[in-house]
Amino acid sequence: MSKRKDSGADPLPGRPVRGSESGRPVMAALDLLGRRWTMRILWELHQRPDGFRGLQARCDGMSSSVLATRLNELSAARLVEGGYRLTRLGEELVEAMGPMVEWSRRWADELT
């Protein structure tokens with residue numbers, strides 16, 4: 001995979017990633033999901049597939065270069081496929097976030 005100025009190589013299981021040389025799948029996942037705008041892109045595509053410009057419009061303020069980089073990373077990780085839609089793995093990831101969504105609602109209620 002190509003090196004990127006802002007983020008290094010695509011984070012994939014079996015490869016060293018930022019903060020971990022182990023190559024453990026969970027560390028690769030955390031590196032990928034922790035990158036700027038990644039979770040927003042996944043969330044938006046979970047709502048509905050879209051083209052590049054439509055997705056960019058739904059992700060307020062994201063530059064086209066960052067969107068292209070993130071989509072390339074998510075495609076390499078087999079979470080997003082052409083057209084821009086989530087793969088089966090991408091959908092499973094968003095479903096796995098369900099408890100986090102529920103927790104965030106409880107957290108918001110506690111803070112208000």
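Thr87 touches Arg78, Leu79, Val80 and Glu81, leaving aside residues up to four places away in sequence; contact here means heavy atoms within 4.5 Å. Thr87 sits in the loop between β2 (85-86) and α5, and Thr87 is buried, with a relative accessible area of 12%. Buried stands for under 20% relative accessible area, exposed for over 50%, and partly exposed for what is in between, using a 1.4 Å probe and protein chains only. Helices (H or I, at least four residues) and strands (E, at least two) are DSSP runs, numbered from the N terminus.

This is a predicted model, in which local features need pLDDT of at least 70 and side-chain atom pairs count only at pLDDT 80 or more, while totals for chains, interfaces and linings use all residues. Residues are numbered from 1 along each chain as its sequence is written, and side-chain values use heavy atoms, with hydrogens and water left out.

- Helix α4 covers residues 64-76, and its 13 residues should span 18 Å at 1.5 Å a residue, which agrees with the 18 Å between its end C-alpha atoms. The expected span is 1.5 Å times one less than the number of residues in the helix.
- Which residues of α4 are buried? They are Val66, Leu67, Thr69, Arg70, Leu71, Glu73 and Leu74.
- The cover over these buried residues includes α1 (25-33), α2 (38-47), α3 (52-58) and β1 (80-81).

**The largest nonpolar core**

- A nonpolar core is a set of buried Ala, Val, Leu, Ile, Met, Phe, Trp, Tyr and Cys residues joined through side-chain atoms within 4.5 Å.
- The largest one here has 18 residues, of which Ile41, Leu42, Leu55, Leu74, Leu79 and Val80 touch the most other members.
- Two or more residues of this core come from each of α2, α4 and α5 (88-96).
- Helix α4 gives the largest share of this core, four residues.
- Leu42 touches Leu33, Leu74, Leu79, Val80, Leu86, Leu93 and Val94, not counting residues up to four places away in sequence.

- The axes of α2 and α4 come within 10 Å and cross at roughly 75 degrees. That makes α2 roughly perpendicular to α4.
- Axes are lines fitted to C-alpha atoms, for helices over the stretch in contact, and angles run from 0 to 180 degrees between N-to-C directions. Angles under 35 degrees count as roughly parallel, over 145 as roughly antiparallel, 65 to 115 as roughly perpendicular, and the rest as oblique.
- On the α2 side, Thr38, Ile41 and Leu42 meet Leu67, Arg70, Leu71 and Leu74 of α4. By class, this contact has five nonpolar, one polar and one charged residues.
- For these classes, Ala, Val, Leu, Ile, Met, Phe, Trp, Tyr, Cys and Pro count as nonpolar, Asp, Glu, Lys and Arg as charged, and the others, Gly among them, as polar.
- The axes of α2 and α5 come within 10 Å and cross at roughly 105 degrees.
- Leu42, Trp43 and His46 of α2 meet Glu91, Leu93 and Val94 of α5. The residues of this contact divide into four nonpolar, one polar and one charged.

**Buried residues to look up**

- Met62 lies in the loop between α3 and α4 and counts as buried at 4% relative accessibility.
- Met62 touches Trp37, Ile41, Gln56 and Leu67, again not counting residues up to four places away in sequence.

**Positive phi in loops**

- Trp37 has a positive phi of about 75 degrees although it is not a glycine. Trp37 is in the loop between α1 and α2 and is partly exposed, with a relative accessible area of 24%.
- Arg78 is in the loop between α4 and β1 and is exposed, with a relative accessible area of 62%.
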